[in-house]
Amino acid sequence: MAKDPVRVLVTGAAGQIGYALVPMIARGVMLGPDQPVILHMLDIPPAAESLNGVKMELIDAAFPLLKGVVATTDVVEACTGVNIAVMVGGFPRKEGMERKDVMSKNVSIYKGQASALEKYAAANCKVLVVANPANTNALILKEFAPSIPGKNITCLTRLDHNRALGQIAERLNIQVSDVKNVIIWGNHSSTQYPDVNHATVKTPAGEKPARELVADDDWLKGEFITTVQQRGAAIIKARKLSSALSAASAACDHIRDWVLGTPEGTWVSMGVYSDGSYNVPAGLIYSFPVTCRDGEWTIVQGLPIDEFSRKKMDATAEELTEEKALAYSCLS
Ligand SMILES: NC(=O)c1ccc[n+]([C@@H]2O[C@H](COP(=O)([O-])OP(=O)(O)OC[C@H]3O[C@@H](n4cnc5c(N)ncnc54)[C@H](O)[C@@H]3O)[C@@H](O)[C@H]2O)c1
Ligand SMILES: O=C(O)C[C@H](O)C(=O)O
C-alpha cells in the first residue's frame, strides 16, 4: 500500500542551500525512495518571486514522489501540519566573519519561528536547524517552543562529520564509505572537536582503527582538526559563497538516519540537547555521537575520553555557553 505523504518544511528555500536541498527531498534522498512528500517552502517577501521560480522548477522536474508544493512567505501557512522542519532561513556569513557574527540577525528569526512551529506543526514534528549559528539558533528555538519535546530539536553537524570522513579517506586514499565512527563534539564552529579516536576503516583484513592506519599523530592532532574546523571558511574563500550542496546532502543524511535509523555498528554526529553526558553542561545544544532507532536518537555512552579530547570538548562547550548569553543579549 502506498505510504501517506510526509510534509517537509524548508525555510530559506529560495536560497542556495534550499535550491540544492528541495530536489534531493523530492527525489527521495531524505526519506527514502518509497516515501511520498509534500514540500512546504518558506522565504521572505523580497525572495517571493524567486521562491515561485523554485516551485515552477519542482513542477517541471516531474518528481514521482512529490505530491504537492506549498511556496509561501506566510510562516503560519508554511508550518501548518509539517512533520519535518529543516530550518535553513537566515543569513550566511561572508569571508572573514565567524559564524557567530550572524548571531543578531539570525537568532531573532528562530525565536519568532519557534512559536509558529509550536502552534501549527504536526505533533512530534522533527526539527533540524541548519542556519548559523546552528547550535544556538536551535537552542533559542527549543527555549521559545517549550511544548515541542526537546528531543525533537536538533542542529546540523553532519556536514562536519562527513568532512572528517572525507579527510580520512583522502589521506588513506580509500573510499569514504569504508570509514566510520568519527565524532564531531560541540559547536558547528571553529571550536568544534573532530575526534578520530574511535573511528574505524574497513580493510580486507577486517575493521582497523583509523588512527593506527593513518599512523601520523601530528597530522591527526593538528592539520586534520584544523582542516575540518576551517572547512566552511575554505569553501567561502573558494566559492565566495558558503557551502551548499554538501550542506544540503548532510541535511538529508541527518534526517534520513534520524527517521530510518543508523546502520548497525555505526554512529553519526548530531547537535542535540545535552543531558550532561560526557560532563557537557546540560541544556546546551551540543554535537554528540548518536545512534538512531525508531525515530529516536540516543547519545553513544561510555567512550573513553583522553585528556587531549577533554580539553577540546570543554573549550567548545564554553563557547556554546558564551553564545547562549550573547543570543539572549541580542534578543533583549
Ligand atoms: N550547519 C551547517 O552545516 C551549515 C552549512 C552551510 C550553511 N549554513 C547556514 O545556512 C544558512 C543558509 O545558507 P544559504 O547559503 O542557503 O544562504 P542564502 O542567503 O543563499 O539563503 C538563505 C535564505 O533564507 C531566507 N531568509 C532570510 N530570513 C528568513 C526568514 N525570516 N524566514 C525564512 N527565510 C528567510 C533568505 O531570503 C534566503 O533566501 C546560513 O545561515 C548558513 O550560514 C549552515
Ligand atoms: O562556514 C559557514 O559559514 C557555512 C557553513 O556553516 C559551513 O560549515 O560550510
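Author: Happy to! Leaving aside residues up to four places away in sequence, Ala13 touches Gly18, Val22, Met41, Leu42, Asp43, Leu51 and Val54. The model is a predicted one, and in it Ala13 sits in the loop between β1 (6–11) and α1 (16–26). Ala13 counts as buried because it has 29 C-beta neighbours inside 10 Å, and the cut-off for that label is 20 or more.

Now step along to Ile17, which belongs to helix α1. Ile17 is buried too, since 26 other C-beta atoms lie within 10 Å. Its contacts, again not counting residues up to four places away in sequence, are Gly12, Val88, Val130, Ala244, Ala247 and Ala248.

Ile17 also leads us to ligand 1. This ligand is surrounded by 29 residues, and Ile17 is among the closest, together with Gly12, Gly15, Gly89 and Ala247. Helix α1 gives the largest share of this shell, 3 residues. Sorted by class, the shell holds 16 nonpolar, 11 polar and 2 charged residues. Ligand 1 lies between domain 1 (6–155) and domain 2 (157–328), because both give residues to the shell.

An unreviewed UniProt entry places the feature "binding site" at several positions, including Gly12, Ala13, Gly15 and Ile17.

Definitions and conventions. Residues are numbered from 1 along each chain as its sequence is written. Chains are lettered from A and ligands numbered from 1 in the order in which they are written. This is a predicted model: local features need pLDDT of at least 70, side-chain atom pairs count only at pLDDT 80 or more; totals for chains, interfaces and linings use all residues. UniProt positions are given in the numbering used here, feature names are shortened, and annotations may be inferred rather than shown by experiment. Helices (H or I, at least four residues) and strands (E, at least two) are DSSP runs, numbered from the N terminus. A residue is buried if 20 or more other C-beta atoms lie within 10 Å of its own, exposed if 12 or fewer, and partly exposed in between; C-beta atoms are placed from the backbone. Two residues are in contact if their C-beta atoms, placed from the backbone, lie within 7 Å. A residue is near a molecule or strand if its C-beta atom, placed from the backbone, lies within 6 Å of it. Ala, Val, Leu, Ile, Met, Phe, Trp, Tyr, Cys and Pro count as nonpolar, Asp, Glu, Lys and Arg as charged, and the others, Gly among them, as polar. Domain bounds come from an automatic or database domain assignment.
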